[in-house]
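Thank you all for coming; I would like to walk through one structure with you, slowly and in order. Please have the sequence and the model open while I talk.

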Amino acid sequence: MSVTSEHTKLLLKYAASINDEALSETTDPDFELQYIDIGNVDSNGLIHDIVEYKFKDAPSRARRIVRHGDVIISTVRTYLKAIAPIESPSTNLIVSTGFAVVRPQPDVLDTNFCKYALREPHFIHEVINRSTGVSYPAINASDLGLIPISLPPLATQRAIASYLDRETARIDGLIGAKQRLLGLLAEKRRALITHAVTRGLDPSAATRPSGVPWIGDVPAGWEVEYARRLFNLIDMRSTTGQEELLSVSHLTGVTRRADKDVNMFMAESLEGYKKCQPGDLVINTLWAWMGAMGIAFQEGIVSPDYHVYRPSPKYAPSYIDLFVRTPHFATEVSRYSKGVWSSRLRLYPEEFFEILLPVPPLAEQKQIVDYVQSQVTAIDNLNQEVQKGIALLQERRTALIAAAVTGQIDTAEVV
């Protein structure tokens with residue numbers, strides 16, 4: 001359907017003001033504010049995890065004042081599409097200077113229509129396209145104001161916004177239901193793995209106390225050993241830095257760095273990085289308390305700040321990988337980690353070696369791994385189907401906004 005004739009193009013700066021208000025540097029140091037940084041806004045325009053500060057303790061970026069009806073647009077790393085409406089904010093809500101705060105002129109741009117107009121795909125494309133910089137693209141607020149938006153008369157804006165409120169709410173409800181299903185699947189996956197690696201597969205098997213509170217009872221035929229009896233610390237260094245670089249995280253365990261979409265600092269040379277072999281346990285020293293560890297299933301090198309451990313023959317690497325990445329083990333690791341702040345805990349070898357671990361018979365370890373892999377595959381397949389459904393709904397939502405905002409849907413259809 002063609003664009004309706006009542007839609008016109010207008011530069012954003014003629015329809016809204018940008019960055020009207022900011023906190024004064026003379027603000028009371030004890031003034032309590034709620035703060036939104038760039039990382040608190042996702043690509044879907046949702047705001048998460050607002051943080052509270054006193055002004056004296058807040059980041060120097062915490063300066064932009066927002067009001068109901070404003071739209072905040074990240075002017076840095078614009079490819080992240082961190083654009084969100086501000087609706088019924090607290091009187092002390094402050095956002096980062098990394099945002100441009102767009103405030104609609106009510107006689108030109110309806111506030112409810114504005115939140116859709118600034119998330120319309122063509123507008124977002126222009127924001128990204130006009131940004132400068134390679135690794136950290138950014139756009140000036142003045143350049144933002146030069147981007148045109150599609151503007152029908154106010155009455156039509158309100159009708160379109162009302163229509164989109166209804167339709168996007170319906171789509172968001174479907175997305176929310178699927179996201180809750182993903183949460184249930186993730187919990188089922190965690191529970192399945194945790195039960196299998198700590199209780200085995202035979203529910204009728206006799207059990208005995210492990211003597212370790214966090215482990216509880218274990219099957220009678222299992223041993224419980226200190227990690228120092230099960231692992232040897234390995235410190236072999238690369239002389240060339242040419243081996244495959246591996247990364248360690250709490251989400252994916254040990255994977256090829258090349259397979260990860262990361263923008264972290266890379267050293268000029270990887271000489272001196274630690275070498276690991278297939279079957280070695282690699283622990284990210286700084287993030288072990290979050291579960292950043294796992295088995296390397298290929299030869300490679302890892303950061304010299306990590307620790308590499310080689311398991312004894314009585315421990316199957318695939319079983320270890322399942323076990324050390326359970327939430328229960330991460331909790332135990334945090335108890336043994338050293339540091340003043342919880343976010344800066346480090347797990348050193350001497351502490352790791354003091355952790356007690358269950359050791360099923362080797363044949364049973366392999367049975368557990370086979371069972372878990374078959375069950376997890378089924379869960380992961382369902383997970384992928386649900387994610388595809390969410391992606392399709394999000395695409396439909398985006399297309400609907402684009403069509404309505406740019407006049408591809410007749411006004412008569414949306415009233």
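A word on the source before anything else: what you see is a predicted model, in which local features need pLDDT of at least 70 and side-chain atom pairs count only at pLDDT 80 or more, while totals for chains, interfaces and linings use all residues. Residues are numbered from 1 along each chain as its sequence is written, and side-chain values use heavy atoms, with hydrogens and water left out.

Taken as a whole, the protein has eleven helices and 22 strands, where helices (H or I, at least four residues) and strands (E, at least two) are DSSP runs numbered from the N terminus. The C-alpha trace spans about 75 × 50 × 45 Å along its principal axes. Of the 415 residues, 45% count as buried; here buried means under 20% relative accessible area, exposed means over 50%, and partly exposed is in between, with a 1.4 Å probe and protein chains only. If we take the contacts with a separation of 6 or more, residues 24 or more positions apart account for 75% of them, a contact being heavy atoms within 4.5 Å.

As a general point, an α-helix has 3.6 residues a turn, so residues three or four places apart point the same way.

Next comes the packing of helix α5, residues 154-199, against α7, where the angle is about 125° and the axes are 9 Å apart. Axes are lines fitted to C-alpha atoms, for helices over the stretch in contact, and angles run from 0 to 180 degrees between N-to-C directions. The two helices, α5 and α7, are therefore oblique to each other, given that angles under 35 degrees count as roughly parallel, over 145 as roughly antiparallel, 65 to 115 as roughly perpendicular and the rest as oblique. The contact is made by I193, V197 and T198 of α5 and by Y319, L322 and F323 of α7. By class, this contact of α5 with α7 has five nonpolar, one polar and no charged residues, where Ala, Val, Leu, Ile, Met, Phe, Trp, Tyr, Cys and Pro count as nonpolar, Asp, Glu, Lys and Arg as charged, and the others, Gly among them, as polar.

How do α5 and helix α10, residues 362-405, lie against each other? Their axes come within 10 Å and cross at roughly 170°, and α5 and α10 are therefore roughly antiparallel to each other. The contact of α5 with α10 has 26 nonpolar, seven polar and nine charged residues.

While we are on α5, please find R190, which lies in this helix and is partly exposed, with a relative accessible area of 39%. R190 and T326 are 136 residues apart in sequence and 7.1 Å apart in space, C-alpha to C-alpha.

Finally, the loops. S238 sits in the loop between β14 (231-234) and β15 (246-249). Is S238 buried or exposed? S238 is buried, with a relative accessible area of 4%, and, leaving aside neighbours within four places in sequence, S238 is in contact with E243, L270, E271, G272, Y273, K275 and I301.

D49, in the loop between β3 (32-36) and β4 (51-54), has a phi near 55°, a positive value in a residue other than glycine. At 64% relative accessibility, D49 counts as exposed.
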